Amino acid sequence: MAIDIPTFASTQISLLAAELQAEVDETSMLVSLHSPTALQRAGVALTNLAVLSQRTGLGGKTVVEVGPDGAFSCSGDLPEHGIRSGDIVLLAEQPAASGKKREVKELERKGVKGVVTRVGRQGLGVAVEEDGEGEGEVVGGDRRVWIVKLADEVTWKRMNGTMEKMAKMAEGEYSYFMRVLFGLTTPSPVPEDLSKDEEVGEGKIKWFDTSLNESQKDAIRFALKSQEIALIHGPPGTGKTHTLIELILQLLALNPNSRILVCGPSNISVDNIVERLSPHKIPLIRLGHPARLLPSVLNHSLDVLTRTSEAGAIVKDVRAEMDAKQASIRKTRSGKERKAIYADLKELRKEYRQREKKCVSDLVAKSKVVLATLHGSGGYQLRDEKFDVVIIDEASQALEAQCWVALLSAKKAICAGDHLQLPPTIKSLNSSSSSSSFSSSSKTSSKTSSTSGEKKTAKTKKDTAASSTPPTIPKGATLETTLFDRLLSLHGPKIKRMLTTQYRMHESIMRFPSDELYEGKLIAAEGVKARLLNQLPDVRDVDETREPLVFIDTQGGDFPEKTEDEEEEEKKKKGVTKRSLYGDSKRNEGEAMLVREHVRCLVEDGGVRAEDVAVVSPYNAQLALLAPLKEQYPGIELGSVDGFQGREKEAVIVTLVRSNSDGEVGFLAEKRRLNVAMTRPKRSLTVIGDSETVKKGSKFLKKWMEFLEENADLRYPDLASLTAAAAKA
Ligand SMILES: Nc1ncnc2c1ncn2[C@@H]1O[C@H](COP(=O)(O)OP(=O)(O)OP(=O)(O)O)[C@@H](O)[C@H]1O
């Protein structure tokens with residue numbers, strides 16, 4: 001069904017506003033209720049830091065480097081934390097650990113906002129906002145500082161700006177591409193069978209990578225032939241990125257004059273492509289702050305090129321002057337002098353920007369392929385640039401508004417993704433019921449931080465609603481509907497090609513997701529279909545390393561789940577009043593014991609390296625319970641399902657947690673979450689769960705449990721002997 005563009009845009013604006021509000025409220029709630037130390041443990045803050053230095057980064061921004069305050073760290077290393085580059089943070093003087101309530105607003109007055117540009121073992125960099133009040137206050141003295149994660153208003157502004165533009169466009173301004181993407185017209189037809197001859201465009205396709213499989217070749221032919229839109233559906237491990245690289249090379253081979261913009265929702269998704277594209281020696285440039293990029297792609301980063309290229313020479317002297325000024329701030333004690341330095345810096349920054357702009361536009365104009373995050377593509381560097389094709393990787397993990405930042409001036413788009421894995425995570429209340437329970441996640445932040453697919457507490461939700469006035473949003477509209485989803489339901493499978501050979505999982509691990517979600521079309525590549533743990537170097541042949549699929553069924557009621565809040569209630573009775581950060585997240589002590597025992601068998605008896613093992617759970621409280629495993633088996637990873645999307649491991653243990661007499665399964669009912677959970681392993685998947693409870697959750701869950709009962713190495717644990725063994729250990 002066609003969609004009215006202004007209505008779409010204004011709905012997005014309302015949804016985005018609600019989302020931003022939810023994020024802001026969540027931060028406020030966390031900050032006001034918990035001490036800096038507790039926030040650090042939850043992955044949203046870093047405490048006891050000292051300002052180490054300041055320098056000038058891209059855009060003339062001041063980058064403040066912070067590291068552990070010597071008085072609090074012997075090793076000089078940062079403690080375990082959940083701050084990632086790209087996060088929006090507040091850098092402020094650390095409040096005393098009093099029981100006093102803190103307000104975010106008050107903290108903001110005392111500090112400066114910025115973007116984390118670099119995260120290292122011993123410190124991190126924050127590019128601070130230039131006009132932040134009190135800038136000198138924070139970075140000047142020798143005070144102890146901390147950083148707290150804030151809502152990402154920068155990304156929001158870009159999306160909102162794009163939607164506002166769309167809302168205001170007159171019908172005559174819509175491009176053919178836009179009309180197709182909103183169903184006002186149909187996509188130009190693409191010949192059904194492209195495989196007979198290799199004729200595409202002017203000449204024959206000569207494959208750069210001859211190892212491509214048929215489904216990959218077919219997807220590339222289709223994407224080359226399509227005029228406006230092509231979706232490349234890549235189930236887990238099917239070589240989506242691999243396919244995109246060949247596609248980019250083919251686009252350029254067919255038309256050496258074409259210019260391509262390649263985007264993804266995260267820095268890592270973009271860097272991944274830069275890394276794989278760079279050996280092909282095509283002129284490419286990566287936009288984005290260099291400190292946020294993988295070291296291996298730095299040579300293509302705009303910032304580095306502005307320093308090293310000829311065009312960059314004119315920028316250099318201003319930068320040097322700015323750096324010298326920055327350095328002098330720390331030496332100055334007088335407020336008056338500092339003020340004067342800031343005024344000089346402001347002027348220099350202006351000049352720097354002008355010179356840099358010229359240099360940047362020269363560099364961008366020379367590049368055939370420009371790569372940036374979706375919101376990065378909305379930066380000033382690309383303001384007047386035109387591209388023949390826009391490619392979006394991981395499109396099913398991006399908000400649609402985010403995609404339009406890159407698509408607004410596009411003529412043709414190719415989107416790769418998998419709508420059967422998790423969509424972007426949404427915090428606002430308007431999301432659909434089954435999946436409304438998920439909050440922020442990022443691929444890199446796994447650990448036991450708060451960034452899993454859970455809402456903190458049911459109470460938080462109500463609090464959030466009460467503290468803000470949500471804008472009116474049409475019924476059924478949700479940010480969770482991605483561009484990928486919407487286009488599929490708008491135009492159907494004719495705009496899509498699916499990759500069908502997967503290069504990750506043992507055949508038995510692949511079977512269920514393939515049959516239930518991918519129409520039975522997945523094929524395990526020859527090299528992976530029978531791979532077992534016991535074939536890895538130094539791994540011994542024991543029960544745990546011999547089986548690709550193990551199901552430890554905890555049915556019978558001996559392994560009940562618990563809610564953190566229930567335990568908090570018990571604590572309260574004993575006089576402990578602080579509320580848990582994990583709220584109503586569930587945990588299951590019995591399952592945790594089984595996880596520990598299984599890890600022990602894999603690593604100690606089987607000789608599997610801890611780095612090759614991951615424990616994945618939908619519930620943060622369960623991960624918190626298992627956290628000591630990381631000390632016992634350094635290198636092991638514990639992650640939320642949401643945080644583990646896009647990752648893989650040799651052996652994965654999934655602990656489902658839910659076990660109750662009501663058959664309550666919460667957000668286990670979300671197929672896409674389960675799909676992600678069960679498709680992470682290469683050689684070994686161990687599922688621990690109560691089949692009785694889980695079966696009641698949904699048809700899909702019932703089928704999964706039945707599949708495991710029939711096909712997995714089935715085990716019924718005995719709690720008494722397990723407890724005895726644990727006590728002995
Ligand atoms: N045609 C191929 N022949 C051999 N190996 C391949 C082929 N295509 C992909 N692979 C391998 O499969 C693995 C997954 O590929 P890639 O990283 O491109 O997948 P992806 O689909 O982007 O990943 P994800 O599952 O995270 O979406 C890689 O190790 C890649 O080298």
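Okay, let's start with one cut-off: a residue is called buried if 20 or more other C-beta atoms lie within 10 Å of its own. Keep in mind that what you see here is a predicted model.

So, take Ser-617. Buried or exposed? Ser-617 has 31 C-beta neighbours inside 10 Å, so it counts as buried. You'll find Ser-617 in strand β21, which covers residues 613-617. And what does Ser-617 touch, if we skip residues up to four places away in sequence? That would be Gln-622, Leu-623, Ser-640, Thr-655 and Val-657. For a bit of scale, Glu-400 is 217 residues from Ser-617 in sequence, and the two are 28 Å apart in space, C-alpha to C-alpha.

Now over to the nonpolar cores. The largest has 117 residues, and Val-126, Ile-147, Val-390 and Ile-392 have the most contacts inside it. Helix α1, residues 5-33, gives the most to this core, with 9 residues. There's another core lying apart from that one, with 60 residues, and Leu-517, Leu-522, Leu-623 and Leu-708 are among them.

Back in the largest core, look at Ile-147. Leaving out residues up to four places away in sequence, its contacts include Ala-45, Leu-46, Ile-83 and Val-126.

Last stop, the ligand. There are 14 residues around it, and the ones that come nearest are Gly-239, Lys-240, Thr-241, His-242 and Tyr-503. Which helix gives the most to that shell? It's α8, residues 240-254, with 3 residues. By class, the shell has 10 polar, 3 nonpolar and 1 charged residues.

Conventions. Residues are numbered from 1 along each chain as its sequence is written. This is a predicted model: local features need pLDDT of at least 70, side-chain atom pairs count only at pLDDT 80 or more; totals for chains, interfaces and linings use all residues. A residue is near a molecule or strand if its C-beta atom, placed from the backbone, lies within 6 Å of it. Helices (H or I, at least four residues) and strands (E, at least two) are DSSP runs, numbered from the N terminus. Ala, Val, Leu, Ile, Met, Phe, Trp, Tyr, Cys and Pro count as nonpolar, Asp, Glu, Lys and Arg as charged, and the others, Gly among them, as polar. A nonpolar core is a set of buried Ala, Val, Leu, Ile, Met, Phe, Trp, Tyr and Cys residues joined through C-beta atoms within 7 Å. A residue is buried if 20 or more other C-beta atoms lie within 10 Å of its own, exposed if 12 or fewer, and partly exposed in between; C-beta atoms are placed from the backbone. Two residues are in contact if their C-beta atoms, placed from the backbone, lie within 7 Å.
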